[in-house]
Amino acid sequence: MINEAPTNLWLMIIALAISAYLLKMFGLVVLGSRQLPKVFDRCLGLVPAALLSALVLKDTFSVGQSLVVDARVAGFLVAVIAAWRRAPLIVVVVLAAGATALLRAI
Amino acid sequence: MTELRRVVVSSLTLGGAVGIFALSFGVASVSAGASVWQTCALSLFVFTGASQFSAMSVVGAGGSMLAAYGGAVLLAARNLVYGLALSSSAKSMAGNLPRRLFAAHFVIDETTALALAQSSPRFRKVAFWTTGIGLFTFWNLGTLIGALAGTAIDPQKFGLDIAFPAAFIVMLVPHLRSKLGRQAAVLGGVLCLVSISFLPIGVPILIAALAVLVGVRNDQ
């Protein structure tokens, strides 16, 4: 699964920890109550929508660089329905994993 | 006093719910190839959920560390906006500079939402810290338990490779309430799917970030 040495994963984790902290700290402590341009604010607010949607599709329909349709699709569909009906996360994950596992077993 | 209790109870309830989220992060992260220590380090020191999920999702798919880092940082960037939103209350919530530097670690979706929901500085302080510390505790406990459980089972057999997308779907739903959010989600998804076959693994996630530009034109 991991193509690189575990050390590289450690380096990524450290870099990410520092970056995440600096982002939080910069807004709270350094920039103070300065106002960001509205457009900037709005675009940053849209990052989760854009990236989470991309991540869902990547994790459901791809293996490496190939697009594939496999047992994960069942879990995906179940998760969408469950999340739409506002089921708690643990229920969504268990139902989705169950659907995928079931399809693999038969 | 009852008002204070209400603030504390809602903060701790949220913390408990987030612990469940962390459980699935722990399981998914070790399934993606991280060790228990690495998984716990992510929750302790990165401590911003969507970024952690995103980084390990890219790593697990075989993407480069740089691509994993890039997507995660983009998702962490909104914490800058949260910090700004909280900054006018920073002194009353945290006090002197060292304390504010410590408080910065807890500037995330939930602490910002609950702190800003309070009208008085005193309640804002209580909400920020009970949410921050409570959530940090549950998040890390959940991660550890999930990671330990994840090493004990075969992720493929139990369909746990779906844990990442399932969690992403749950995180995505609230962002689909606004029209701009839906546009960004659709465009981000399309950009990712069309670029997946010819760009290195994980890079399509960065390309998807271009979808936020729908926010440039639209005023609403």
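Author: H1(A) packs against helix H2 (residues 36–46) of chain B at an angle of about 10°, and their axes are 9 Å apart. Axes here are lines fitted to C-alpha atoms, over the stretch in contact for helices, with angles from 0 to 180 degrees between N-to-C directions. Angles under 35 degrees count as roughly parallel, so H1(A) is roughly parallel to H2(B). Helices are DSSP runs (H or I, at least four residues), strands are runs of E (at least two), and both are numbered from the N terminus.

This is a predicted model, so local features need pLDDT of at least 70, side-chain atom pairs count only at pLDDT 80 or more, and totals for chains, interfaces and linings use all residues. Residues are numbered from 1 along each chain as its sequence is written, while chains are lettered from A and ligands numbered from 1 in the order in which they are written.

So who touches whom? On the H1(A) side you've got A:Leu9, A:Trp10, A:Ile13, A:Leu16, A:Ala17 and A:Ala20, meeting B:Gln38, B:Ala41, B:Leu42, B:Phe45 and B:Val46 in H2(B). Contact means C-beta atoms, placed from the backbone, within 7 Å. By class, that's ten nonpolar residues, one polar and no charged. (Ala, Val, Leu, Ile, Met, Phe, Trp, Tyr, Cys and Pro count as nonpolar; Asp, Glu, Lys and Arg as charged; the others, Gly among them, as polar.)

Zooming out, 71 residues of chain A contact 90 residues of chain B. H2(A) gives the most to chain A's side, with 21 residues. That side has 47 nonpolar, 16 polar and eight charged residues.

How values were computed: Two residues are in contact if their C-beta atoms, placed from the backbone, lie within 7 Å. Angles under 35 degrees count as roughly parallel, over 145 as roughly antiparallel, 65 to 115 as roughly perpendicular and the rest as oblique.
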